[in-house]
Structure formats: structure tokens, C-alpha cells
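Keep the model in view while reading.

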Amino acid sequence: MKKFAIIISCIFLLVLLAGCGTPPKFATGYSSNDDPATAARKATQDAIAALGDVPVKGLVFVVYYPKDGIDADNPAQYCPDESKEKLAAETVAKIAADLGTANGWARQIPKPKATKAVAKDASKPANDTAKKTDRTDADKKPVAKSADGKTVKTHTWEPKPNAKKSSEKPTAKPPAKSVAETPKKTAPTKFKGSSKAIPNIGCRARGMTQAGTLKQGVAVLAIGGHQANCRSSRIAIYKDRYASGRRTAREMQSVPGLKLVVVLAEMQLCFGSETESRADDFLRGMMGNLPRGTIMLGGNSMNVPGASGKAALAGREFHNGLALEGQIVSMGIGGPIRVYANQTSEFKPV
């Protein structure tokens, strides 16, 4: 009996260990397709496929599309196509929302449901498509004959009293859910308010990939694994850079086993002259409020050439499908991983 109990205990322990799942994994994907939605979809799905059968926990991406007619090989003369950037970011966010609905499993990305409107209408009689109140003449005035052959009126359909009044007077208020109002309610909240969506952040930048630096397109980093923990956040760039760093770090403190924080902002964070604070103050605010041993890395979004003043240091950031300016977006990554960091200047080989 004791041996049996020991065997059962060992099996239970093995099941528990197996249930812990895979540690955090990282994979990348990229695409230079002219269509930003196609490029974002391919880059994201390639990164997810490279993770294998593990739940996806976070997505970090960069997008770069110059306007038509601009020389993409000359960064000093480029002009970004903001509409393409936004479309790419929204496409990544939609995939993240589908992954969240599927409980994070990459192989269970739900496909769009086929509409059954045609099949449903075909199965119904032709007069079934009319409204209930649109009766035929026979329905409105049914008749019957008595024994002596005389016609007897059995029923007369009449509209309800309030229906007659409503037809005479013009409607004072629009319907509660009009077609025009639908996009305003669903489009922003789909990205901003979806609590189940996989966190995703991005910025305007040229992706550095196995194929080299992309002239245009989308590059995606996917974080997955049963034991991976991810959380994203966004805050405005404060004049007090230390306060910006402290606030960003505190947003990341709730990530279990936090090991790495990816920060994406724009050049005004480091070079803005509207305040006496410096980029070093931001770093102190971050590192002073993160768990000991946490590694932080990141970069600035590309600006728009030709702008002057503060606008010359601006950029574009993305958080869960929303296009932002003057913000700091970050992704905290936690789990049983070890992170090592090194750095070099832009004048030396990486």
C-alpha cells in the first residue's frame, strides 16, 4: 500500500512539473509588403509560428513606410506615411485580440466566421422577409361565409394606436443604435478596452532583420511560453524626466518575475530643451523603481524631417492599436529567464 501511495505521489509530482509549461521564448518575423495590413499580418504570424505550440504573451513591433515618391534609401529625405503606419498597428492589435480570445494559443487563431445570411434567407419563404406589421390584404381583411351564404366579417387588422401617431409625426430622436454611430463606439474601444488582448507596443522605426535593414515594412518580436508574463503601459512624457521614469517603472512592478523592460519613446525624451531634466534623470527614475537586476532597453521613434522646434523631436508610438505622440510605451517581461546586456555607440559595429 505504501509503495502504491509513493507511486501515485511521484506521478502527481510529475504532472505538476509538466503543468508548469515552457519558459519564456522569443521569435521574430518581418515583411516588406507594400500593403501595410498584409505586411503586419505576415510578420506577426511568422513570429507566432516560430514560437511553436506555446501561448503568446506579448508583441513588440516597429513599422516604417515612407510616402510614395520618397527615396527610402536616403533617411534624411524620408517622409512617413502615417495612414499606413496606423493600419499596420491596428492589424497587429487585431491579431493580438484574436490571440487573447483564443487564450493565447498561437495555433488557435480564430478565423473570421462566414456569414450565414444567404443560407438563412434561402430556407425561408419569400414572404417571410417582410416585417411582421406588413400584412397582406388577405391577412388584413379575412372573411368567412355563414350557412345562408352571406359574408361575415371575422377579423380586421388595424395598427396599434401609437403606431398610427408615430407614422404621422416625424421622429424627433435618431435610433438608439444608428449605423453612423457604430464605428465610433466599436473602433476605438476594440483596441483600447479589450482586457483579453495580448499586450502589444510599437513605434516608427526601420526594422533590422536577418535580411538587413528594411526599406519599408513591419518587423515583430513575439514573446511566448506558459511561464512568460507580459504587461504593457503608456504614459505621457513629463517635463520632469525623473517622474516619467518613476511612473513607467511603477507600471511594470506588477509583472511577476520581472526581468526585462522594453521602452519605446521619441527623441524629445532625450533631447528636449523645454526642461532642465535630462535623459539620465529618466534612467534614474526607471532603475530606482524597478526590482534589482532588471534590464532595461529601448529606443526612440523616427521623427519627421524638416520640422522645427519641438516637432523636430517628435515621433509615433503605438499601444494596443492606438497611434500616439509624445508618449512612452513600455513592455515588461517576466519569468524564469536570464537577461544579459551590452552596448556600443553608433560609430562602432554592433
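Axes here are lines fitted to C-alpha atoms, for helices over the stretch in contact, and angles run from 0 to 180 degrees between N-to-C directions. Helices (H or I, at least four residues) and strands (E, at least two) are DSSP runs, numbered from the N terminus. The model is predicted: local features need pLDDT of at least 70, side-chain atom pairs count only at pLDDT 80 or more, and totals for chains, interfaces and linings use all residues. Residues are numbered from 1 along each chain as its sequence is written, and side-chain values use heavy atoms, leaving out hydrogens and water.

Start with α2 and α3. They pack at an angle of about 40 degrees, and their axes are 8 Å apart. That makes α2 oblique to α3 (under 35 degrees is roughly parallel, over 145 roughly antiparallel, 65 to 115 roughly perpendicular, the rest oblique). From α2, the contact (heavy atoms within 4.5 Å) is made by Pro-36, Ala-37, Ala-40, Arg-41, Thr-44 and Ile-48. From α3 come Lys-84, Leu-87, Ala-88, Thr-91, Val-92, Ile-95 and Leu-99. These residues divide into 9 nonpolar, 2 polar and 2 charged. Nonpolar covers Ala, Val, Leu, Ile, Met, Phe, Trp, Tyr, Cys and Pro; charged covers Asp, Glu, Lys and Arg; the others, Gly among them, are polar.

Now the sheet. It is open, with 6 strands in the order β1-β8-β2-β5-β12-β13 and mixed pairing. Two strands pair if DSSP finds at least two bridges between them. β1 (25-31) and β13 (322-324) stand at the edges with a single partner strand each, so one side of each lacks a neighbour in the sheet. From one strand to the next, the twist averages 20 degrees.

β2 and β5 (residues 200-204) pair in the parallel sense over 5 bridges. Val-62 has Cys-203 in β5 as its bridge partner. Both helices pack on this sheet. α2 (residues 36-51) touches β1, β2 and β8 (217-224), its direction making about 150 degrees with that of β1. α3 touches β2, β5, β8 and β12 (317-319), and its direction makes about 170 degrees with that of β2.

Two loop residues remain. Gly-69 lies between β2 (56-64) and α3 (82-101). Is Gly-69 buried or exposed? Its relative accessible area is 79%, so Gly-69 is exposed. Asn-320, in the loop between β12 and β13, is buried at 15%. The cut-offs are under 20% for buried and over 50% for exposed, with partly exposed in between (1.4 Å probe, protein chains only). Phi of Asn-320 is near 55 degrees, a positive value in a residue other than glycine.
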